[in-house]
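I opened my notebook for a first walk through this structure. Come along and look things up with me.

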Amino acid sequence: MGSESPTQIPFIDFCSNPGALEPGTVGWSLLCQEVRAALEMYGCFELAYDGLPVQLRDDMFEAMKRLFDLPLETKQKNYSSKLYHGYIGQSDVVPLYESLGVEDASRLNAARAFTDLIDTLKSMSEKMWELENMVRRMIYDSYGAGKYCELDVQNSRSIFRVMKYKAPEQGEESAMGLVAHTDKNLITVLCPNEVEGLQVQSKAGHWIHLTPRNASFIVMMGDAFKERFSFGVFSMPKEEVTIEVPPELVDRDHPLLFKPFKYMDYVSFYYSTDDGMNKENALEIYAGMGSESPNHIPFIDFCSDPGALEPGTKGWNHLCREVRAACERYGCFEVAYDGVPVRLRDDMFEAMRRLFDLPLETKQKNYSSKIYRGYIGQSDVVPLYESLGVEDAPSLDAVRAFTDLIDTVKSMSEKMGELEHMVRKMLFDSYGAGKHYESHVESSSSLFRVMKYKTPEQGEESAMGLVAHTDKNMMTVLCPNQVEGLQVQSKEEGDWIHLTPRTDSFLVIIGDTLKAWSNGRLHPVRHRVVMSGVKERFSCGLFSIPNEEMAIEVPPELVDKDHPLLFKPFKYMDYVSFAHSEDGMNTENALEIYAGV
Ligand SMILES: O=C(O)CCC(=O)C(=O)O
Ligand SMILES: [Fe+2]
């Protein structure tokens, strides 16, 4: 029992007995129970509802086609300073996704911006709002809390969004249209066209693929209440309203789990703070009724005893143990290293400033067909982030594109590459696998990237600069300027550790590839950039990457009775493609899923 996972969400029929839509009737009570059971068990259900003419639905999809065909500049006029209220599109993370929102669309004024589509939009959002209100009433009634419903409806507003998802590019089997999330609002009613793509995660963690029936709706529960072409009404509490658990829902068996909170405060917590975007239990962290964890990463000094940088010495062996312990426990460490002249470091930051000040078209010429190798910027998901990459920067040819900055980029990447090699050798030596080091280095190359993070917009306290991730490559050496923002997640506790970079240190980060190589011993640390304050952040990084033909394999020294083989040999680029595919993006265990035995 219990191992079978559901392949469908509940389907509830609001059409077969029109009398049942009358509150107080027996039919109504039955529907209430069905709705409650579906939402408690699945958090969503599909719904047959005929309160909305089929013609209107068809008109709506037609209107949407026309809307999304408008020039980008016109769509971008649908701007809102509130998160997810205006136009969203052109994102590097979900390039297929575009959407537009209208606040309180059932009031004609708000929809006037869409002039000739007003009538369709207005009727559609009115009808869907009626449906939302009906479902909300059922939920309240099912908990015996019906008397709070009217006030709750009065205290809420809606946002109507239209969404379009392009088909994957030719040659791609599938692509992420919208990354996994829970809705932050109260209830969402979706009206998708008949194109598959929407998936919901069952409580047990499986993804259920929805096949919308002709003219049905999908109802989903958002956090505050505890997509293809589709459009939806999202109900949300008005700004001044406090969300509180009604006393009827609290008793000895159901102790109060959430403190009262304001919706918009939770939304800004979710999108701009430490725990919001990256924890699946953001609501519990923010409003839940209530461990100590580390607040810094290891600092290892490569300067104090220069003799220790000589392999085979006592000092070297000592450093090997320190480095290995840090990379197993934290997946990263800060290193004091004087092999990079301070002057070069300063020149590098100066060069980066000039590089990012170049016109967008020039930066975009730094194009690569490989993921994360070329120019990245102008993303809606991380609007503050921009970066540029140079493959094999230590070889002069590759940097020629950066003409007058060649010398700086070349020296910097050489020096940081030396540091990477030294740390890699320490790790190999620490595992008694030193004899594999030379061939490992010969089968790898490097990518040098420069990163710039803008400051949050006025009025915003903090904003995501780069979303949480593990590096897929072997190892990354980072050289950030002195602006805070980089955070790493502690392995055991999951807390975010805020790093405060020193002027002369570098940061070493273990990537997924070395986890596989070390048979699971080295920890690829999750990290992200959260920007606050008024200073722009610059950082450059040297990413060591396996060559295309190299098979990533666990050396025999790292496999024994107590450490059975955990990973099959694999090719780096194949893993990267998987990690960026739909399945890969939806999991934190991409490496285990892809290469685990
Ligand atoms: O900006 C930084 O320092 C970190 C960048 C990073 O994590 C990455 O590019 O993978
Ligand atoms: Fe990274």
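**Entry 1**

I began with a four-stranded open sheet, ordered 16-21-18-19, with antiparallel pairing. Strand 16 (462–469) and strand 19 (496–498) each have a single partner strand, so one side of each is left without a neighbour in the sheet. On average, neighbouring strands here are turned by 25° against each other, direction ignored. For that angle, axes are lines fitted to C-alpha atoms, for helices over the stretch in contact, and angles run from 0 to 180 degrees between N-to-C directions.

Some ground rules for my notes: this is a predicted model, where local features need pLDDT of at least 70 and side-chain atom pairs count only at pLDDT 80 or more, while totals for chains, interfaces and linings use all residues. Residues are numbered from 1 along each chain as its sequence is written, chains are lettered from A and ligands numbered from 1 in the order in which they are written, and side-chain values use heavy atoms, with hydrogens and water left out.

I take helices (H or I, at least four residues) and strands (E, at least two) as DSSP runs, numbered from the N terminus. Two strands pair if DSSP finds at least two bridges between them. Strand 18 (residues 486–489) and strand 19 run antiparallel and are joined by three bridges. I found glutamine 489 bridged to tryptophan 496 in strand 19. Over the ring of tryptophan 496 sits the charged end of arginine 528, 3.9 Å from its centre. I count this when NZ of Lys or CZ of Arg is within 6 Å of the ring centre and within 35 degrees of the ring normal.

**Entry 2: the iron ion**

Which residues are the protein donors of the iron ion (ligand 2)? I found His469 (NE2), Asp471 (OD) and His527 (NE2), at 2.1 to 2.2 Å from the ion. Donors are N, O and S atoms within 2.8 Å of the metal (3.2 Å for Na, K and Ca); water is not among the atoms, so sites may look incomplete. The spacing of the donor residues in sequence is H-x1-D-x55-H. Histidine 469 is in strand 16 and histidine 527 in strand 21 (residues 527–532), 58 residues apart.

Are these histidines buried or exposed? Buried means under 20% relative accessible area, exposed over 50%, partly exposed in between (1.4 Å probe, protein chains only). Histidine 469 is partly exposed because its relative accessibility is 22%, and histidine 527 is buried because its value is 4%.

**Entry 3: strand 20**

Next I checked strand 20 (residues 505–510), where six of six residues are buried. Ser505, Leu507 and Ile509 point one way, and Phe506, Val508 and Ile510 the other way. Strand 20 pairs antiparallel with strand 13 (residues 332–336) over five bridges and with strand 17 (residues 475–480) over four. Leucine 507 faces glutamate 334 and also leucine 478. The charged end of arginine 345 sits over the ring of phenylalanine 506, 4.8 Å from its centre.

**Entry 4: rings**

I counted 11 aromatic pairs. Rings of Phe, Tyr and Trp (its six-membered ring) pair if their centres lie within 6.5 Å; planes under 30 degrees apart count as stacked, over 60 as edge-to-face and the rest as tilted. Tyrosine 385 and tyrosine 453 make a tilted pair, 5.4 Å centre to centre with 45° between the planes. Phe428, Tyr431, Tyr437 and Trp517 form one aromatic cluster.
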